[in-house]
Amino acid sequence: MGAIKSLAKDTAIYGVSSIVGRFLNWCLVPLYTIMFPAAEYGVVTYLYSIVAVVLIILIYGMETGFFRFANHDRYPDPMVVYSTSLISLAVSSSLFLALVLIFLSPISVALDCGGHKAYIWMMGAAVAMDAFTALPFSYLRYRHRPIRFAILKLINIGLNIGLNLFFILLCPWIWERDPGLIVGWYNPDFGIGYIFLANFISSLATLLLLWPELHGFTWRWNGALWREMLAYSFPLLILGIAGIMNQTLDKILLPWLVSDKADAMYQLGIYGANYKIAIVMVMFTQAFRFAYEPFIFAQNKKRGGDSLEAFRQAMKWFVIMAMAIFLGVMFYLDILKYFISPRYFSGLKVVPVVMIAELFFGVFFNLSLWYKLTDRTIWGTWFSLIGLAVTIGLNVLLVPRMGYMGCAWAALGCYTVMMVTSYLVGRVKYPIGYDVGRLAAYFVGALALYGLSLLITTPTEWINLTLRTILLAFYCFVAWMMEGKKFKR
């Protein structure tokens, strides 16, 4: 159980950068929803959905490939693996940025930003830098330096938030009182463009802060290793593309599935803002993932029952904590909803559906260890492609009838199929012996408590919050009574 405690510790530290950092970014949502109409916020949601897909392509599975080969018996020097991966990402990211600048006009027109080319080149540069710096951050995880990882991530996020506040709040205030102070470089009509500018500056600052991870060793290129890493990582690239498409395709497709373009961006703004409320589950899954990938490869070296028991315990605690987060968000949604403008409250109904969908995606990620450890990453590709087919089919079927609510149900359907198929195949290919009955009990029990909270709602808000707090405490108490002693041992 010492390994699980180590995993929990690293997850907690990575969570500082992921959960706290995303929470701070989350706090920008009310700023955006107050300062910009839903249709303009829909443009931001649309572009960032595309950026998420591009970032996965530019990393092309090299993060997981680095962990795999840095722990490989045939490559005893991990710095050769690291430098080869860095050179590969440096070349590909630079080539991507060059193509964006060369074809800036047609790309801007294709993304309905023809009048704002600056949006495109700023996001292109930011995503190129983020793709390259993914490897130094992975190196920090490999070296078990979660504190430096968290500090750098928080600096990036803090700078981004500070710049957003500066450009969106302070500069308009100065412009109204003494525009001469900022007239040379501030344009009030640039609007949401300052969101992208803040992102660009913070990405550049992060690249500079990672300088200690980019020197002090000999940059070496191993062509044979690189080809082997590509062969290992290529299925992960397809997996990553399909996976991120499953997360973002609904936001990309919605403008094309709603006949009225203006209404489509309005709906996308509503959906994107309310999706942010459910982002807590995404934060937890990401924090867990940062710690879990190096954990499973290190545990795999031990082989035998100890490592399998560690994997079983990790899955169980993931589900326990994820359902606690689900209950926490849903029980206090009447408070959390004020993170967005009341103009966006019509979309609150997507929150429980999206949170369960993200939980299933987290379980799917836990299940993915069997094909990563056995070098059969092609299975991850198949699972994600199946999920992508479900995503496309359900969005095409539901969005024209249900609007953005169809996007939420499509996400739940996609992750349910991916989770179930991965589990069924994994039982045959790499049986781990998860206690499915116990996992289902925590899931169903938490949903029952949520249903109970809906039944006992009273006209008095503070009574509702008190009753829900008792229910949440009851869930945590039962989970600790059932699992706490084993965790201590």
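Is S453 buried or exposed? S453 is buried, with a relative accessible area of 4%. The model is predicted. This briefing covers two helix pairs and two residues: α4 with α10, α15 with α18, S453 in α19 and G362 in α15.

**S453 in helix α19**

- S453 sits in helix α19, which spans residues 436-455.
- Its relative accessible area of 4% is under the 20% cut-off, so S453 counts as buried.
- The S453 side chain reaches the backbone oxygen of Y450 at 2.5 Å.
- Beyond its neighbours within four places in sequence, S453 is in contact with F331, R468 and L471.

**G362 in helix α15**

- G362 belongs to helix α15, residues 351-367.
- G362 has 0% relative accessibility and therefore counts as buried.
- With neighbours within four places in sequence left aside, G362 is in contact with T285 and F318.
- G362 and A322 are 40 residues apart along the chain, and 8.7 Å separates their C-alpha atoms.

**Packing of α15 with α18**

- Helix α18 covers residues 404-429.
- α15 and α18 pack at an angle of about 25 degrees, and their axes are 8 Å apart.
- That angle is under 35 degrees, so the two helices are roughly parallel to each other.
- The crossing of α15 past α18 is left-handed.
- From α15, the contact takes in V353, V354, I356, A357, E358, F360, F361, V363, F364 and L367.
- From α18, these residues meet M405, A408, W409, A411, L412, Y415, T416, M418, M419, S422 and Y423.
- The residues of this contact divide into 18 nonpolar, two polar and one charged.

**Packing of α4 with α10**

- Helix α4 runs over residues 62-70, and helix α10 over residues 223-257.
- Their axes lie 9 Å apart, at an angle of about 125 degrees.
- α4 and α10 are therefore oblique to each other.
- α4 passes α10 in a right-handed crossing.
- On the α4 side, the contact is made by M62, T64, G65, F66, R68 and F69.
- On the α10 side, L225, E228, M229, L230, Y232, S233 and L236 take part.
- Eight nonpolar, three polar and two charged residues make up this contact.

Methods:
Residues are numbered from 1 along each chain as its sequence is written. This is a predicted model: local features need pLDDT of at least 70, side-chain atom pairs count only at pLDDT 80 or more; totals for chains, interfaces and linings use all residues. Side-chain values use heavy atoms; hydrogens and water are left out. Axes are lines fitted to C-alpha atoms, for helices over the stretch in contact, and angles run from 0 to 180 degrees between N-to-C directions. Helices (H or I, at least four residues) and strands (E, at least two) are DSSP runs, numbered from the N terminus. Angles under 35 degrees count as roughly parallel, over 145 as roughly antiparallel, 65 to 115 as roughly perpendicular and the rest as oblique. A crossing is left-handed if the near helix is turned anticlockwise from the far one by less than a right angle, and right-handed if clockwise. Contact means heavy atoms within 4.5 Å. Ala, Val, Leu, Ile, Met, Phe, Trp, Tyr, Cys and Pro count as nonpolar, Asp, Glu, Lys and Arg as charged, and the others, Gly among them, as polar. Buried means under 20% relative accessible area, exposed over 50%, partly exposed in between (1.4 Å probe, protein chains only). A polar contact is a pair of N or O atoms within 3.5 Å; within protein, one must be able to donate a hydrogen and the other to accept it, and residues adjacent in sequence count only if both atoms are side-chain atoms.
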